[in-house]
Amino acid sequence: MALEIAFWILAVIGVMAALAVVLLGDVFRAALSLVLCFLAVAGIYLTLSADFLAVVQILVYVGAISVLIILAIMLTREVQRGSPGNKLRLPAFFVAALFLGGIIYAMVNTNWQVSSASPLEPTTPAIAGLLFGEGGFILPVEIAPILLVAAIIGAIVLAREK
Amino acid sequence: MVGLEHYLILAAVLFAIGLYGALAKRNAIIILMSIELMLNAVNIAMVAFSRYIVPLQLTGQIFAIFIMVVAAAEVAVGLAIIIAIYRHHKTIDATKIDLMKW
């Protein structure tokens, strides 16, 4: 019961914050509501008993990515100009609404094979075993830092003063 | 009772909001923020599938972790590109950036 109340509160906060991101005129306030949306998503992970993922979400998104976005807003000084829509606003709305309707129709009419087993808790040892253990995801784990290093070097090269 | 469908519909709503933002906004940073919203929506769907369909395997959560890695790389490179464009053109209006248009 408590889980359901938590889900509905977090879902409403998350959707409102996401709407604020795309509808607010002020870019900085949009970034702050994006942070709120990330926090709500972390809470949603907790209601799904994904405790490790919730902490990672707060560390990576709320901690790092939001700081990067706010720094970029400060550096580009577009705050005064706000966040206007382009001339595709109405078609974009219809595309998004059509997508939403289609995907909800597909989801509601699919017969999901929901398992009745109770989820693992805590998930951290199981995730560690899958990521680093025998027959797990060790190759993607090794490739991910290469991608991150390439992204960092690329970002430095791109943003450097000539 | 909150079930799999609730989480999937929440993910779909967040994804649609992000899609609208990515298509309809001029400010390149807002477009990047909308893309982050869409990635988060996909993560919610992944974790919900992991929780309700295969609760003992956690593969959906592993996928979500790798999506976060790629999202972090994407946002770093994307913001660097936006700052580089701002330096050259003094604007980040996506409708005015037409370097690759001929």
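What radius of gyration does chain B have, and what would a compact globule of 102 residues have? Chain B has 17 Å, whereas the globule would have a radius near 13 Å. The radius is taken over C-alpha atoms, and the globule rule is 2.2 Å times the number of residues to the power 0.38.

This is a predicted model, where local features need pLDDT of at least 70, side-chain atom pairs count only at pLDDT 80 or more, and totals for chains, interfaces and linings use all residues. Residues are numbered from 1 along each chain as its sequence is written, and chains are lettered from A and ligands numbered from 1 in the order in which they are written.

Stay with chain B. Its C-alpha atoms fill a box of roughly 50 × 25 × 20 Å along the principal axes. Chain B has three helices and zero strands (DSSP runs: H or I of at least four residues for helices, E of at least two for strands, numbered from the N terminus). Of its 102 residues, 57% are buried (20 or more other C-beta atoms within 10 Å of the residue's own, with C-beta atoms placed from the backbone).

Now bring in chain A. In all, 74 residues of chain A are in contact with 58 residues of chain B (C-beta atoms, placed from the backbone, within 7 Å). Elements giving two or more residues to chain A's side include α1 (2-23) and α6 (138-159).

Finally, look inside chain A. The axes of α2(A) and α3(A) come within 8 Å and cross at roughly 175° (lines fitted to C-alpha atoms over the stretch in contact, with angles from 0 to 180 degrees between N-to-C directions). Therefore α2(A) is roughly antiparallel to α3(A) (an angle over 145 degrees). Among the residues making this contact are A:Phe38 of α2(A) and A:Ile58 of α3(A).

How values were computed. A residue is buried if 20 or more other C-beta atoms lie within 10 Å of its own, exposed if 12 or fewer, and partly exposed in between; C-beta atoms are placed from the backbone. Two residues are in contact if their C-beta atoms, placed from the backbone, lie within 7 Å. Angles under 35 degrees count as roughly parallel, over 145 as roughly antiparallel, 65 to 115 as roughly perpendicular and the rest as oblique.
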